[in-house]
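Hi everyone, thanks for coming.

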Amino acid sequence: MSGAEFSKLGAWEDRPRRNPSADLTTAQLDSRRAFLLTRLDGVASISDIVAISGMIERDALAALSALVEQDLVQIVPATGRRTPIAIEAAPMPVAVAEPVAPPEDDEEEDEPLSERPGEPAPVMERVDFLPDFHGVARDDVHWLRAKGDLGHVPGMPWQRLGTDRYGKFEFDRRALLRPCDLTVAQRREVLFLEANAGQLDHFEYFNMEPTADRTEWRRAYFRFSRQFHPDTFFRKNTGEFGGMVESIYRRGTRIHDAFSTDQELRDRYLRAVQARDAAYRGALEAARERYEQAKRDIEARREAQRVADRQRVAARRKSALRERLANNTRARREVHNPANERVERAQRFYEDGMQQYRDEKFIEAAASLQLAMTYDPRNEAYRQAYEKVSERAHAIKADQLWKFGYMQESVARIDEAIDSYLEAVKLSPRPSYCVHVAEMMLSMDRDLHRAAELARIASDADPRNVEYLLLLGKIYERVGLTVKAATVLERALKLAPKDERIKKAQKGLKR
Amino acid sequence: MERIIGIDLGTTNSCVAIVEGGTPVVLANKGGYKTTPSVVAISENGKRLVGHIAKRQAVTNAANTVYAAKRLMGRRWDSPAVRTMIETVPYTIVKGQGDDCRIKLRDRIYSVPEISSIILQEMRLVAEEYTGEKIEKAVITVPAYFNDSQRQATKDAGRIAGLDVVRIINEPTAAALAYGYGREVDKTVAVYDLGGGTFDISILRIADGVFEVLATAGDTFLGGEDFDGRIIMDWLVLEFARDNQIDLRKDKMALQRLRDAAEKAKCELSTAREAEINLPFIISTGGADALHLQKTLTREKLEELTVDLVERTIKICKKTVEEAGEPVDEVLLVGGMTRMPLVQRRVREFFGRQPGKNVHPDEVVALGAAIQGSALMQDQQQVLLLDVTPMSLGIMIVGGLFSVLIHANTTVPTSKAHIFTTVRDNQTSVKILVLQGEHEQASKNDLLGEFILTGLRAAPAGEVEIEVAFDINADGIVSVSARDLETGQEQAITVTATSGLSEDEIKKMMAENQEYLVDVRTNEALERKRLDARRAHSEVERIFPRVRELLAGSDFGDDAIRKAEGVLNRARKAIDGNDMEALQTASEALTRTLNMFKGVVEKIG
């Protein structure tokens, strides 16, 4: 990278300002860019911004240029002297693969690096480049290939890193809850095996360590049979799992049959899996090594950069001071009243905002009015206008968030959905919203105090709603506030004296 | 809870068991025997006879007494096994519509499943008698080496008997279940099952309550009947013919007597060194003279006559042990024939260990069936049986060869697919012949079904690929599909084994049986009532003289005595008659009278 990269920014003295017509709600912003955006007041020069950003110079410039590229920021060229932006190229860390958290205990080491915006922290590359049969002897590969899918050794071991068999596998929560005679543990295993049949090696399929011992193998197979043999489900309702259980067991018997009748297949397969695991472990080790090295390199480079930055800033300040002294007389002659300029600017933003309000662009209007308030905080008219508009804006924003959350919920990303919902009710605490998210939090057993608060908001807004009271009562009971729960249920019962659910809840409470 | 009984439907004897409070028990029939002969006869007056009664009258009614019907189960009329049977049995075997065998008794023709259903029915009644409940579900055992149609015929027999056959399991497996049930076993067990008609050897691995069949093989036409046959045909008949120039085989009654005598002698020789065979008036010589048969059979002679049969079983054992590929820890002997010292000696020699003594050879199979039945009903199963397909399954390929897709001894359910190609240029259709058996020539194996896949692309030989997939479910039902990998076109069949009976026939037989069952049940109830009434009657009569003495003279007394006499008269009539209601009333009246009498005796006397 060279100075040409920052040509869009112009000169050090130019002033960046926010583009009033840009829609910040939909803009793609990383933390650095967002931070810079808050620093822009339309008066400070690029040089000032960089100095106050606390970032490494080139990072700040890169972020700024990205903002210009996104059309979120406009550059107002300075009228006086313009020093072209040019800094010498600094070495960048090696390009890294798709960011993934390193597998083990590296998170803490990561923290200090990501605390301040700066050079990207090194990430551990994901070891997923192992092709099929990686590390397996060529002879075994050919032999096994001829065996069709029974000889298939997946390139990646499943979750050799974690202790949990299911790792990051996402379960269909709906399927886990639907009524049938399988236990949840059985359902998890069924869904897992069904979805990953092709990715698991035969040992993983039977949930055992690869081992040459025939007894171990049989034990695992017997355990597997106890779980999936059709006799286990004789006269039981397997619901939608029936077909899956059958096909899983069929695959199991086929593998077991092949392994118990074909000694050579067993030997070669075992050898292949062990070789693959060894290769994988090796690759993982190498990746970890590279990761550590990159971390050390970056730290060293960063230190060097910091020293260089400090020297350069000092030099520039010195030269600016010298120049200002030289132009002192001219500067004094120019009538320059920053206060007036701010008021004018505030007025402009206010007018923009009101126009946007009339166009029913509430979010944009709110943004403009906020800017107007920032420039002229003493103007009461701006504040009133802002309050009026921001309510509408929040409602719209809340609706958007709610829709987004609903989308997440429908694809079973429950936790993320709850986050979105919470965001939405923070902006606009409608009772129906509050109740929905509180119910979800109760069922997921998540931050129940917050859930209680939401249920209370709903019930305060609509004190005669029995459902709300019932929910609030349940949440109180769950968090252990039995007295409160009792009071709430009492109120509910007064409203609906015949409701069995309330009576049941009260009974449960007494117990 | 519904109960499932276990029935060992044997060639010569059958046995029924049930699990009671976690313990499997064998149920004794009315005669007090734990096994019932698998013999069915139709008496002169058209009455159905089963079990011991049927066996006892066999000599006088040989042509209408069926034994060893199991050997005909699911067999085709033209099979060599049936040919042999026709020559040796006294009853008449005829050809059925579906190319199956039927049996002619008196003026009616019975199918083989029907005969078996009569035996199953009897076993069911034994169980109902014992439990006092209606029994509707059963696990029935069959020899491990029974093929699909033999199994289907057994199922049909169960249906005709009004039983829902929840599972058909293999006899040796059942024996192993009974052996391993309720205790910690971690062993490889060989079950040597030599019964009346069939021989089976199975090797199982038992651990953690799971029973896995490692290998199984057998011969469905090798059993006690063949040992008897050797004594009769190769020795008694031969010797008699040499001495008297008369062929005893021509006389059905003589044949039946020989059969009984041979079986008896064989059983005696399990403990004794010699057995006497004494059959006076075995045959008449045309005039008034009659010839007698008197011989002594020694154990040595018996062993000489049958040693090749025993060797045949050992040969099969050897192959099976090799296939199982694991050292055998324990040997179980099942079936009456394993009482023969020669058999025990050869088994001991072959396996190099003393066979286990803690299973009852006649009862263990039924016990195992009952255990499997009760295991299926439980939520947490103590035992889990991993049964296997006894024979290889595959299709016919070019050159009339048999290409195996699912090997024998694979745990069911399972599925397997394989890709085949066309063999001729521009071949647009393929015929898939589904076969079962072990011979490499397709024609030597059993044909289960066939279908044709058409619409293939005309291409040079070997270019079009067809995937053939086999699937066996837990009930052993086989389905086969063939798919053109290029066009995705698919054809499939579910192989339905047939016993030779059509669905209509089975339905008809079920209905007939239902009527019979109602008759039997009412008869039994009637008999019970009659017995009660008779008991009360004799009790009243016993104390009547004493009461008469005590009450005589008083008005009240005379009246009471007259009334009592009336009750006794009516009761006598009811006991002689067949009216259920009259019996009931008489019984009640008798009880009242008895109580009154007892009161009188106590107060006055």
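Predicted model: local features only at pLDDT ≥ 70, side-chain atom pairs only at ≥ 80, totals over all residues.

Okay, let's start in chain B, with a sheet. Four strands make an open sheet here, in the order β22-β21-β25-β26, and the pairing is antiparallel. Now, which strands stand at the edges? Those are β22, residues 401-406, and β26, residues 446-453, of chain B. Each of them has a single partner strand, so one side of each has no neighbour in the sheet. Going from one strand to the next, the twist averages 30°.

Let's zoom in on one pair from that sheet. β21 of chain B, residues 393-397, runs antiparallel to β22(B), and five bridges link the two.

Staying in chain B, go to strand β5, which is residues 39-42. Is this strand covered on one face or on both faces? Both: B:V39 and B:A41 are buried on one side, and B:V40 and B:I42 are buried on the other. β5(B) also pairs with β7 of chain B, residues 65-67, through three bridges, and the two run antiparallel. There, B:V39 sits opposite B:Y67. Then there's β6 of chain B, residues 48-50, which is antiparallel to β5(B) and joined to β5(B) by three bridges as well. In that pair, B:I42 faces B:R48.

Now over to chain A, for some helices. For α2 of chain A, residues 46-53, and α3 of chain A, residues 57-69, the angle is about 120° and the axes are 9 Å apart. That angle means that α2(A) and α3(A) are oblique to each other. Their crossing is right-handed. On the α2(A) side, the contact uses A:I46, A:V50 and A:S53, while α3(A) brings A:E57, A:A60, A:L61 and A:L64. Sorted by class, that contact has five nonpolar residues, one polar and one charged.

So how do the chains meet? There are 17 residues of chain A in contact with 17 residues of chain B. On the chain A side, α9 (214-228) and α10 (241-261) each supply at least two residues. Which element gives the most? That's α10(A), with eight residues. The chain A side has four nonpolar, six polar and seven charged residues.

A:R235 is in the loop between α9 and α10 of chain A, and has a positive phi of about 65° despite not being a glycine. A:R235 counts as exposed, because it has 12 C-beta neighbours inside 10 Å. In chain B, B:D208 lies in the loop between β14 (199-207) and β15 (210-219). B:D208 isn't a glycine either, yet has a positive phi of about 55°. With 16 C-beta neighbours inside 10 Å, B:D208 counts as partly exposed. And finally, the peptide bond from B:V412 to B:P413 is cis, with omega near 0°. You'll find B:P413 in the loop between β23 (410-411) and β24 (414-421) of chain B.

Definitions and conventions:
Residues numbered from 1 in each chain as written. Chains lettered and ligands numbered in written order. Pairing = 2+ DSSP bridges. Axes fitted to C-alpha atoms, helices over the stretch in contact; angles between N-to-C directions. Buried ≥ 20, exposed ≤ 12 C-beta atoms within 10 Å, placed from the backbone. Contact = placed C-beta atoms within 7 Å. Nonpolar A, V, L, I, M, F, W, Y, C, P; charged D, E, K, R; others polar. Parallel < 35°, antiparallel > 145°, perpendicular 65-115°, else oblique. Left-handed = near helix turned anticlockwise from the far one by under 90°.
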